Amino acid sequence: MIYLQLFWEFFQIGLFAVGGGMATIPFLEHLSETSGWYPLSFITDMIAISESTPGPIGINMATYVGYNVGGMPGGVIATMGVVLPSIVIVTIVSRYLEKFSGNRLVDNAFYGLRPAVTGLILVAGLTVVQTSFFHVYAWSDFARLTEVLDWRKLVFFVIMFFGIRKFNKHPIFYIAVAAVIGIVFQF
């Protein structure tokens, strides 16, 4: 039964998370709250692992959750669930795209999707900031900013940000440096 549930949940995420992997984060938050399969704070771990491994973040996150919930079969099933809608939709769209290019309804639909996707990505970004720099995981939990903000992580973020902008090294370099600093300073 857990495998069917994993497939269904990730099928829905794959179907409605328009805009790429980061757009899956609000869906993963909801899944955390409704299923209890993982705590909300687990999402930042998923993002870190998914961004550090090859492949699209949404697929990596589905595999990660599926594996943690249902072992190897769970990882495969969750991954199939999140990928299947894209395969079907891209196959259909590619077949009819030329026929509908310039269609006013299609153009208007894409015009409406752009701000919605931007909103999903912005919410995902704010969630990453919230869970990365703060000791609480719900905005309503904030008492005093000085008590909940993790200053060490914020300072590390600023240093990494400016290092990336100034030195322009390969992303693997920054991932490795961040991992080593995280181990040494126990972030």
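Author: The following dialogue takes up the features of this structure one by one. This is a predicted model, in which local features need pLDDT of at least 70, side-chain atom pairs count only at pLDDT 80 or more, and totals for chains, interfaces and linings use all residues. Residues are numbered from 1 along each chain as its sequence is written, and side-chain values use heavy atoms, with hydrogens and water left out.

Reader: How many helices and strands does the secondary structure hold?

Author: Helices (H or I, at least four residues) and strands (E, at least two) are DSSP runs, numbered from the N terminus. In this protein there are eight helices and zero strands. The C-alpha atoms fill a box of roughly 55 × 45 × 35 Å along the principal axes.

Reader: What percentage of the residues counts as buried?

Author: A residue is called buried under 20% relative accessible area, exposed over 50%, and partly exposed in between (1.4 Å probe, protein chains only). Of the 187 residues here, 27% count as buried.

Reader: Which residues of helix H3 are buried, and against what do they pack?

Author: Helix H3 covers residues 42–52, and its buried residues are Phe 42, Ile 43, Thr 44, Met 46, Ile 47 and Ser 50. A contact means heavy atoms within 4.5 Å. The buried residues of H3 pack against helix H2 (25–35), helix H4 (57–100) and helix H5 (104–133).

Reader: Which residues are buried in H2, and what covers them?

Author: In H2 the buried residues are Ile 25, Pro 26, Leu 28, Glu 29, Leu 31 and Ser 32. Their cover includes helix H1 (2–16), H3, H4 and H5. Ser 35 also lies in H2, but this residue is partly exposed, at 24% relative accessibility. After H2 comes Gly 36, whose phi is positive, near 70 degrees.

Reader: Where is Thr 24, and is it buried or exposed?

Author: Thr 24 belongs to the loop between H1 and H2, and its relative accessibility of 5% makes it buried. Leaving aside residues up to four places away in sequence, Thr 24 touches Ile 13, Ala 17, Gly 58 and Met 61.

Reader: What does distance in sequence say about distance in space for Ser 35 and Ile 59?

Author: Ser 35 and Ile 59 are 24 residues apart in sequence, and their C-alpha atoms are 19 Å apart in space. For the protein as a whole, residues 24 or more positions apart account for 48% of the contacts with a separation of 6 or more.

Reader: Which residues form a nonpolar patch on the surface?

Author: Patches are made of residues with over 30% relative accessible area and no salt bridge; like charges are joined within 9 Å, and nonpolar side chains (Val, Leu, Ile, Met, Phe, Trp, Tyr) within 5 Å. Accessible areas come from the Shrake-Rupley method with a 1.4 Å probe, and for residues only the protein chains shown count as cover. Here Leu 84, Ile 87, Val 88, Ile 92, Tyr 96 and Phe 100 form such a patch, with about 520 Å² of accessible area together. Ile 92, found in helix H4, is partly exposed at 47%.

Reader: Which residue forms a salt bridge with Asp 150?

Author: Side chains of opposite charge can pair when their charged atoms come close. A salt bridge is a side-chain nitrogen of Lys or Arg within 4 Å of a carboxyl oxygen of Asp or Glu. The structure holds one salt bridge: Asp 150 pairs with Lys 153, the closest N and O atoms being 3.9 Å apart. Asp 150 is buried at 11% relative accessibility, whereas Lys 153 is partly exposed at 26%.
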